[in-house]
Amino acid sequence: MASQSHSIDLDFDHCHIWHPYTSVINPLPVYPVARAYDVFIELEDGRKLIDGMSSWWAAIHGYNHPALNEAMVSQMHRMSHVMFGGLTHEPAVTLAKQLIGLTPQPLQKVFFSDSGSVSVEVAIKMAIQYWAALGVTSKNRLLTVRSGYHGDTFAAMSVCDPVTGMHSMFKGAITEQFFAEAPARRFHEPCTEEDLSDIRIMLERHHLEIAGVIIEPVVQGAGGMRFYAPHYLVRLRELCDSFGVLLIFDEIATGFGRTGRMFALEHAGIVPDILCVGKALTGGYMTLAATLASERVAETICSGNPGLFMHGPTFMANPLACAVASASIHLLGSYDWQASVLRLEAGLRKGLEPCRESRCVADVRVLGAIGVVELYRPVDMGVVQKQLVDKGVWVRPFSRLVYLMPPFIMLDEELGKLTAAVCDVVKTME
Ligand SMILES: *Cc1c(COP(=O)(O)O)cnc(C)c1O
């Protein structure tokens, strides 16, 4: 049976299906995938691509992992789903215990949702409801930094970078939030008071209107793949406390080991009031996210009017998703993932270094299992994508960035092929 190939109807796909951020009038080609296993994505024509994306940060253990498959199949035989209103189940309870165990102590209350964007919506609603419960209705807006990315739904979009998030297109439909300059210091650079002056001024001026600051700790992902000084977060925590503003960390991209720590917040050693996780939560198997709140935030919300947190998705805490998330976290705990991420960090540094010599390259940077080649000009996606596939790798550049975030299980030899392919293709862009 396995050898039987069912040809995917690409013409139908071309005519009827929207892919992420694409035109239906002039769509770029899409590659038909037959299966994926280990670090490989196998196309219908039999070509095996080394996966450099972990399917957008998610597939940290690679594809078709026996332990994750087993977790889902055995859960499916018990139940695939039941509503979460008035009912609960073992996969949700086990996963919540694991999340509370892995995150800093004050974060004690877990709200499950379906996707990263929704977990951000939930975090924003929590922050606004927190102040409303205290009788402060003026604090209903958010402060964030430029170059951020927090998702594609409306509230999430409102805190994305206003330029790359194309706020002008949705003017009037999207809440106008406050934006400070993006953190300027790089990961290893010291951060000064000067570097925080913009966000401090915003807080001074507007704290009576601001419910919370939302930020991706240490790594700004889809908004530019920037790695910034953890000390910025230490000072930001102090500023939030002194101005009476909640701090929300979006760890949807960075969570579960990607930066070399289980959560990026560990680089700074501080605790947010609200934390969003998603993407790698299920090891890339299912769509699931969670918003964790501190005891204080959660209890304040629920002590106000109407005494409830006002959110409840249909597929909240889906048991299949919770079961596989639980297995994925268990798997992380069963081997030395930190050593794997360090090994990948070294391999990415060595492998991407030659890109620096290209005249079209503005910067090469690596943190944990994330490698970034920043170009001076945006890539021609159609051309570059095909070149990369022809070299046997799956990498999806955007704008001026060619970046890698391989599954943690990738072997050095595979990583070498991946980085060599990127360097070769970057060289052709000169
Ligand atoms: C991907 C991402 C989101 C949105 O998650 P979705 O699951 O795509 O809705 C939010 N924040 C960050 C930092 C992300 O990387």
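**Reading the ligand site, loops and strands**

Modeller: An N or O atom in the side chain of Ser 117 is 2.6 Å from an oxygen atom of the ligand. This is a polar contact, a pair of N or O atoms within 3.5 Å; within protein, one must be able to donate a hydrogen and the other to accept it, and residues adjacent in sequence count only if both atoms are side-chain atoms. The model is predicted, with pLDDT of at least 70 needed for local features and 80 or more for side-chain atom pairs, while totals for chains, interfaces and linings use all residues. Residues are numbered from 1 along each chain as its sequence is written, and side-chain values use heavy atoms, leaving out hydrogens and water.

Colleague: Which residues are around the ligand?

Modeller: A residue is listed if one of its heavy atoms lies within 4 Å of the molecule. Here the shell is made of Ser 115, Gly 116, Ser 117, Tyr 149, His 150, Gly 151, Glu 216, Asp 250, Ile 252, Ala 253 and Lys 279. By class, three are nonpolar, five polar and three charged. Ala, Val, Leu, Ile, Met, Phe, Trp, Tyr, Cys and Pro count as nonpolar, Asp, Glu, Lys and Arg as charged, and the others, Gly among them, as polar.

Colleague: Asp 250 belongs to β10. How many residues of strand β10 are buried?

Modeller: Two terms come first. Strands (E, at least two residues) and helices (H or I, at least four) are DSSP runs, numbered from the N terminus. Buried means under 20% relative accessible area, exposed over 50%, and partly exposed in between (1.4 Å probe, protein chains only). In β10 (residues 246-250), five of the five residues are buried, so the strand is largely enclosed by the rest of the structure.

Colleague: How do I read the two faces of a strand?

Modeller: In a regular strand, side chains alternate between the two faces of the sheet. In β10, Leu 246, Ile 248 and Asp 250 lie on one side and Leu 247 and Phe 249 on the other, all of them buried.

Colleague: Which strands pair with β10?

Modeller: Two strands pair if DSSP finds at least two bridges between them. Strand β7 (residues 210-215) runs parallel to β10, joined by four bridges, and Ile 214 has Ile 248 as its bridge partner. Strand β11 (residues 274-277) also pairs with β10 in the parallel sense, over three bridges. There, Asp 250 is bridged to Cys 276.

Colleague: In what order do the strands of the open sheet with β1 stand?

Modeller: The order is β1-β2-β3-β15, four strands with mixed pairing. β1 (33-37) and β15 stand at the edges with a single partner strand each, so one side of each is left without a neighbour in the sheet. Strands β2 (residues 40-43) and β3 (residues 48-51) run antiparallel and share three bridges; Ile 41 is bridged to Leu 49. Their hairpin has four residues between the strands, and Gly 46 takes a positive phi near 95° in it. β3 and β15 (residues 393-394) are parallel, with two bridges, and Asp 51 has Trp 394 as its partner.

Colleague: Which residues have a positive phi although they are not glycines?

Modeller: Ser 147 has a phi of about 70° and sits in the loop between β5 (141-145) and α6 (154-158). Ser 147 is buried, at 17% relative accessible area. Met 225 has a phi of about 50° and lies in the loop between β8 (219-220) and β9 (226-227). Met 225 is buried at 0%.

Colleague: Where is the cis peptide bond?

Modeller: It runs from Asn 305 to Pro 306, with omega near 5°. Pro 306 is in the loop between α9 (295-303) and α10 (319-333).

Colleague: What is Arg 356 in contact with?

Modeller: Contact means heavy atoms within 4.5 Å. Apart from neighbours within four places in sequence, Arg 356 is in contact with Val 361, Asp 363 and Val 364. A polar side-chain atom of Arg 356 lies 3.2 Å from the backbone oxygen of Val 364. Arg 356 is in the loop between α11 (337-352) and β13 (361-367), and counts as partly exposed at 42% relative accessibility.
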